[in-house]
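Visitor: I'd like to learn how to read side-chain contacts in a model like this one. Could you walk me through it?

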Amino acid sequence: VIVFRAATPLAVSMLEAMFLGRHYPNARSSVALVVICIGAAGYVWSDKEFENIGIMAYFWPIIYFFIIAFEMTYGKKIVSTVSLGTL
């Protein structure tokens with residue numbers, strides 16, 4: 001789960017650009033995000049469970065990845081649009 005959680009900033013940055021009107025990451029940030037994803041992919045490919053079962057070994061972490069990416073993006077949308085006032 002930690003590996004998939006580490007890869008979510010790439011998805012969140014893309015979702016923010018598409019749905020919240022934010023800028024895509026600059027070249028330096030993009031390279032850093034891709035390196036993190038390459039590291040995560042390397043971990044998955046070297047995992048014995050992945051070798052034995054295949055992609056189904058990561059069914060729930062993949063679901064978690066999409067849910068957390070949506071949750072982080074939606075949370076930013078709510079925080080940026082809801083006015084927070086005091087009583």
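This is a predicted model: local features need pLDDT of at least 70, side-chain atom pairs count only at pLDDT 80 or more; totals for chains, interfaces and linings use all residues.

Visitor: Now the aromatic pairs. How many are there?

Guide: The general idea is to check how far apart two ring centres lie, then the angle between the planes. Here the count comes to 4 aromatic pairs. One of them joins Phe 4 and Tyr 58, with 5.5 Å from centre to centre and 40° between the planes, which makes the pair tilted.

Visitor: Where do Phe 4 and Tyr 58 sit?

Guide: Phe 4 is in helix H1, while Tyr 58 belongs to the loop between helix H3 (48-53) and H4, so their pairing ties together parts 54 residues apart in sequence. Both Phe 4 and Tyr 58 are buried.

Visitor: What kind of pair do Phe 65 and Phe 66 make?

Guide: Their ring centres are 5.4 Å apart and the planes stand at 80°, so you'd call this one edge-to-face. The cut-off for that class is over 60 degrees.

Visitor: On to the charges, then. How many salt bridges does the structure hold?

Guide: For these, look for a side-chain nitrogen of Lys or Arg within 4 Å of a carboxyl oxygen of Asp or Glu. This structure has 2. In one, the side chains of Arg 22 and Glu 16 meet at 3.7 Å, N to O. In another, Lys 76 meets Glu 16 at 2.4 Å, N to O.

Visitor: Which parts does the pair of Lys 76 and Glu 16 tie together?

Guide: Lys 76 lies in helix H4 (residues 59-81) and Glu 16 in helix H1 (residues 2-19), so the contact ties parts that are 60 residues apart in sequence.

How values were computed: Residues are numbered from 1 along each chain as its sequence is written. Side-chain values use heavy atoms; hydrogens and water are left out. Helices (H or I, at least four residues) and strands (E, at least two) are DSSP runs, numbered from the N terminus. Rings of Phe, Tyr and Trp (its six-membered ring) pair if their centres lie within 6.5 Å; planes under 30 degrees apart count as stacked, over 60 as edge-to-face and the rest as tilted. Buried means under 20% relative accessible area, exposed over 50%, partly exposed in between (1.4 Å probe, protein chains only).
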